[in-house]
Structures are given as structure tokens and as C-alpha cells.
Amino acid sequence: MPADPAVETAGLHKRYGDVHALRGIDLRVDTGSVFGLLGPNGAGKTTAVRILTTLLQPDEGTAHVAGLDVVRDAKKVRQQIGLAGQYAAVDENLTGFENLQMVGRLYHLGRRVARARARELLADFDLSDAADRLVRTYSGGMRRRLDLAAALVARPPVLFLDEPTTGLDIRSRIGLWDAMEALVAGGTTVLLTTQYLDEADRLADRIAVIDQGLVIAEGTPNELKSQVGGDRLDIHLCDGGRGEEAISALASIASDRPFVEDGSILVPVAQRRGTIADAVRRLDDAGIAIDDISVRTPTLDDVFLNLTGHAAEAEAEEVESR
Amino acid sequence: MTALAYGISDTLVLAKRSLLRIPRQPDLLVGFTVQPILFVLLFVYVFGGAISTPGFDYVDFLMPGIIVQSIVFGGFVTALGLSDDLKKGLMDRFRSLPMTRSALLTGRTLGDVVTNIFQLVVMFTVGLLVGFNFSSAFWEVVGGILMLLLIGYAFSWVFAFIGLAASSPEAANAYGFTILFPVTFVSSAFVPVDSMPSWLQPIAEHNPFTVMVDAARALFLGTPAGNDVWLALLWTFIIIAVFAPLSVWRYRRVVTR
């Protein structure tokens with residue numbers, strides 16, 4: 001028997017008027033693991049997090065966090081969780097230090113403990129130099145780091161991160177990923193929502209893909225990627241008429257049947273390493289000239305096209321209740 | 001610690017947060033100081049000469065009225081602050097913490113009491129400089145000041161509700177200043193009610209602002225109080241009794257929609 005799950009939901013439903021945001025969500029997040037909730041805007045990710053963090057009540061179904069019912073034991077749940085999100089919920093008119101100290105006091109840490117913890121987190125998140133500056137002078141990346149620090153003040157065993165890197169530049173994203181990885185190494189259970197496959201891929205042990213309020217796929221990142229089709233060689237020939245010849249030349253390195261799309265030959269491959277060199281050699285041996293060749297990794301769009309038959313961007317805006 | 005002790009501690013933490021904001025947003029400070037001072041100067045030196053207040057110097061007539069008006073709007077910081085917290089997602093952070101939920105409201109309204117004290121000091125100082133004189137007993141002045149703080153506290157709850165009900169800080173501003181502000185003028189605050197047209201007089205007469213202003217005049221100028229002080233206190237408690245639960249209800253609804 002595995003340990004009690006840190007998060008478990010059964011049949012969660014939530015409506016806002018006519019919008020059916022969640023249509024029966026079942027999730028199970030093992031203690032000490034990182035769980036990625038992947039989906040486009042409007043899929044219901046934020047609604048699910050809001051229910052799990054006691055900000056919303058479900059219309060139907062149950063949810064437990066750290067073994068506690070989020071409706072009946074809401075107050076106890078709040079002692080076990082930290083929440084950081086896409087809105088960087090920090091007070092702009094306080095300094096970084098004051099923000100963390102305030103959050104510590106509201107977790108009912110003692111005055112001295114709250115101060116010490118604030119200093120410690122500012123150092124951990126590389127914000128010590130900016131500790132006594134007003135947050136409104138912070139960059140976007142600094143605000144997110146402070147927001148994440150605020151979620152960690154009470155060392156909560158379960159952490160909810162709602163699109164923690166949305167809208168950040170790549171350097172800040174990587175900085176946040178490093179911080180999250182350090183946390184996970186410390187044993188914190190993390191439920192992370194994201195629109196980015198690479199983020200879920202890098203951080204999550206398991207991923208649930210949700211769309212229109214339903215879980216449409218669940219598994220490890222590798223399982224999901226292979227469901228989408230894995231890596232592909234994308235080849236443009238100088239002479240488009242020799243496609244069939246090229247496909248037969250590459251048959252032995254393909255993990256699945258190659259096919260032609262928009263004038264490109266797409267060859268599913270089992271692994272990236274050496275693939276391009278291998279393919280170039282084979283085509284060269286067959287005397288077929290290459291115009292362009294690259295390896296494509298599945299994107300969120302591929303996941304969605306594959307799983308739902310529609311593209312991620314076509315979704316309506318996420319229903320917000322703020 | 002007990003739930004009550006936590007509630008008090010949470011309230012104080014959030015009141016401090018509310019107060020730290022004031023010196024860091026100079027435009028708020030302008031609202032507290034420059035604006036009421038300008039109003040005093042405008043009314044005393046521009047309109048005052050044209051307004052007849054039998055039995056009073058205009059400045060003595062005006063000051064209790066204008067002080068009631070500015071203390072009523074002192075709670076506006078709460079409307080702006082709550083509306084801002086909603087817009088920026090901070091409300092979600094607070095609601096996900098194991099703090100006493102209503103502390104966000106009690107903290108803000110308590111913070112307003114401190115800013116209102118500051119505002120009273122400014123207003124009385126300006127009043128005394130332009131010639132206002134207390135003409136009542138010391139304990140009446142003290143009682144009047146306490147009553148003003150209570151009135152300010154009551155209206156903080158009105159503004160808490162406005163801040164939670166409005167869709168944005170701008171909308172909160174519109175509700176506060178386009179609706180409540182004119183209502184304070186249809187009262188005895190700036191002109192004697194009997195100088196108004198006869199159809200308007202009954203409205204002004206029963207306006208709670210008139211009752212509060214008349215009560216302040218009684219306590220600061222020694223005019224006959226009648227029932228004004230008790231009525232003013234009654235109004236104040238009614239406002240708190242209505243708007244505090246309404247705000248908490250709205251706060252929970254904003255939260256659990």
C-alpha cells in the first residue's frame with residue numbers, strides 16, 4: 001500500500017451559471033511527488049486549485065488535502081497548504097521583507113520566528129538585496145519569487161502552484177524551476193498547473209491533462225509523450241517528388257510509420273540522440289538531397305490535437321471568480 | 001492561543017499593513033490632508049460670506065459640518081484597499097491562510113480609526129487657525145471627538161461593502177464620490193437647512209448627516225443638543241449593524257462564488 005495521498009479528489013463538479021467548469025475530476029497526488037495539471041486556458045485548472053485551496057466550494061464531489069476534507073475542515077487544510085499563483089499576490093506597498101513577515105504572522109508564527117523566516121526565505125530566493133525595497137519596484141520575476149517564498153513561509157507540506165511561470169521570460173522561468181526543484185528535493189508535495197509541456201515535463205512526476213473540465217489523459221511525462229507520438233524528424237527534400245524513396249530509406253530508424261504533412265516528411269523516432277546524423281547518412285547513401293532537417297519534440301498543441309482533436313488556443317478564457 | 005486572541009492578532013497585523021500603505025502612496029495622503037484643508041478654505045473665504053448663519057460665525061457653523069463630512073470619507077481608504085486586494089489576487093492569498101477570515105475587514109476598518117485620528121488633528125488645527133473656537137465644556141469636546149471617531153468607523157464598514165461590491169477601484173471611487181458625496185451636501189453641514197427650498201427641507205432634516213452634524217455642533221459649540229447626540233449614536237450603530245454583516249457576507253461570497 002502506498003502512503004496516504006497528499007491530494008485526492010473524487011467527482012469534482014463546479015458550475016458558474018451556465019459554464020460547467022469542472023465536470024467530474026478525479027485526481028490522486030502521492031505524498032512527496034510533483035503532480036502537473038496541464039491544460040489550456042479555460043480547461044478548469046484554476047478552478048480545481050481554488051477548490052483544493054478552500055477558496056471555492058465544489059458543487060459536487062469531494063476533495064481531501066493532507067487527509068482533510070477541503071469543505072468540512074477548511075481551516076485545518078489552510079494550515080497545511082501554501083498557494084502561489086499567476087497573479088503574484090504580494091502587496092506592492094510593502095517591502096519584500098514586510099510581505100513575508102506579514103504572511104508569517106498570519107500563519108500565527110511568533111514575531112521573532114516570522115522575522116527570521118522572512119530573512120531566510122529572502123536569502124533562499126536571492127532577494128536579500130531587495131528585502132527592504134517596496135515590491136512595486138520589483139521586476140516580474142522578482143515578484144513571482146517573492147510570491148513563491150510567501151507560499152513557503154510556514155513550510156507547508158502541500159504546495160499549490162497555479163501557473164507559476166506564466167508570462168515570465170525564460171531566464172526567470174528557469175530560476176523558478178530551480179527553486180521548485182530544490183523544494184521538491186526537501187519532500188514537499190507540489191501540485192502545479194501549467195500550460196507549458198516543457199514545464200510539466202521538467203518538474204512533474206505525473207501529469208493529468210485536463211480539457212473542458214475533464215481529465216482526458218494521465219500518466220508520467222514519458223507515457224504522455226509516447227501517447228502523443230514522441231519526437232519526430234521533420235525533413236524537407238530538395239525534390240519533393242522523392243518522398244516515397246526517402247520514407248523507405250528511413251524505415252529502419254522510424255519507431256512508427258513515417259508520413260507526409262504540408263510537404264514535410266515526418267518520421268517518428270524513438271530517441272533524439274544521433275538521429276539527425278543517422279538520417280542524413282541514409283538519405284545521402286540513397287542520393288536524396290535534403291533542404292532542411294530537424295527534430296521536433298511534441299508541444300502542448302500536439303498533445304491537444306492528439307487527445308482532443310482541437311487546438312489549445314481555441315479555448316475560451318478561463319472562468320475567473322475574482 | 002484562543003480563537004479570539006488569534007482574531008485580535010490577525011486584525012492588528014492587517015491594520016498595520018493598511019497603515020503602512022498611507023505614507024507610501026502620497027496621493028492617499030493628499031486625500032486626507034490637502035483636500036479637506038482646501039474645502040475649509042474654500043467655504044470659509046469663498047462661499048462663507050454669502051451664507052447667512054444667524055447666531056454663528058460661519059467658521060464656527062462650518063467646522064463641525066466639514067469635519068463630519070471628512071471623517072465620513074476617511075473610510076474611503078478601506079474601499080480602495082479592498083477593491084485593490086480583489087483585483088490583484090491578494091484576496092486569494094489571504095483567504096488561503098489559516099488566519100481569521102474577517103480580519104481583513106476588521107484590520108482595515110481599525111486602520112481607518114488611526115488615519116481618522118490623524119485627520120481630526122489636521123482639521124481641528126486648520127479650524128483653529130482660521131478662527132474656529134470651541135464654546136463648550138472640555139468633556140463635551142472629548143465626547144464629540146469620540147463620537148466623530150465612531151461615525152468614521154461606521155462609515156468604514158459602508159466603504160468596506162462598497163469596495164467589495166465594486167468591480168474595480170475606479171468603480172468604488174465612482175460609487176463613493178458620485179453618490180455619497182452629494183448626499184452630505186443635502187444636510188445642515190454647510191448651510192442652515194431652513195435656507196433650502198421647502199420641498200428639500202424635510203429631506204435634509206431627516207438626512208442622518210444632519211443629525212450627526214447637529215450633534216457635533218451641540219458638543220463643540222454648546223448649542224442645545226435635544227436628542228441629536230443620541231440620534232447620531234443610534235444612526236451610527238444602525239450603520240454598523242447593517243454594513244458590518246453585509247460586508248462580511250459579501251466578503252464570503254466574493255470568496256466562495
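How many residues does the contact take from chain A and from chain B? I looked this up before anything else. The contact takes 27 residues from chain A and 22 residues from chain B. I note here that the model is predicted.

**Chain A side of the interface**

I then asked which elements of chain A supply this side. Helix H2 (74-80), strand E6 (81-85) and helix H3 (96-106) of chain A each give at least two residues to the side that touches chain B. H3(A) has the largest share, with five residues. I also checked the residue classes. The side of chain A that touches chain B holds 13 nonpolar, eight polar and six charged residues.

**H3(A) against H4(A)**

The crossing is right-handed. I listed the residues that meet. From H3(A) they are Gly96(A), Phe97(A), Leu100(A), Gln101(A), Gly104(A) and Arg105(A). From H4(A) they are Ala114(A), Arg115(A), Arg117(A), Ala118(A), Leu121(A) and Leu122(A). By class I get six nonpolar, three polar and three charged residues in this contact.

**Domains of chain A**

I looked up the division of chain A. Domain 1 covers 5-224 and domain 2 covers 231-296. The centres of domain 1 and domain 2 of chain A, taken over C-alpha atoms, are separated by 42 Å.

**Chain B overall**

How many helices and strands are there in chain B? I find twelve helices and zero strands. The C-alpha trace of chain B spans about 60 × 35 × 35 Å along its principal axes.

**H5(B) against H8(B)**

My last entry is a helix pair in chain B. The axes of helix H5 (residues 76-88) and helix H8 (residues 138-165) of chain B come within 7 Å and cross at roughly 25°. That makes H5(B) roughly parallel to H8(B). This crossing, too, I logged as right-handed. H5(B) brings Phe76(B), Thr78(B), Ala79(B), Leu80(B), Gly81(B), Leu82(B) and Ser83(B) to the contact. H8(B) brings Ser156(B), Phe159(B), Ala160(B), Ile162(B), Gly163(B) and Leu164(B). The residues of this contact divide into eight nonpolar, five polar and no charged.

Conventions
Residues numbered from 1 in each chain as written. Chains lettered and ligands numbered in written order. Predicted model: local features only at pLDDT ≥ 70, side-chain atom pairs only at ≥ 80, totals over all residues. Axes fitted to C-alpha atoms, helices over the stretch in contact; angles between N-to-C directions. Helix = DSSP H or I, 4+ residues; strand = E, 2+ residues; numbered from the N terminus. Parallel < 35°, antiparallel > 145°, perpendicular 65-115°, else oblique. Left-handed = near helix turned anticlockwise from the far one by under 90°. Contact = placed C-beta atoms within 7 Å. Nonpolar A, V, L, I, M, F, W, Y, C, P; charged D, E, K, R; others polar. Domains from an automatic or database assignment.
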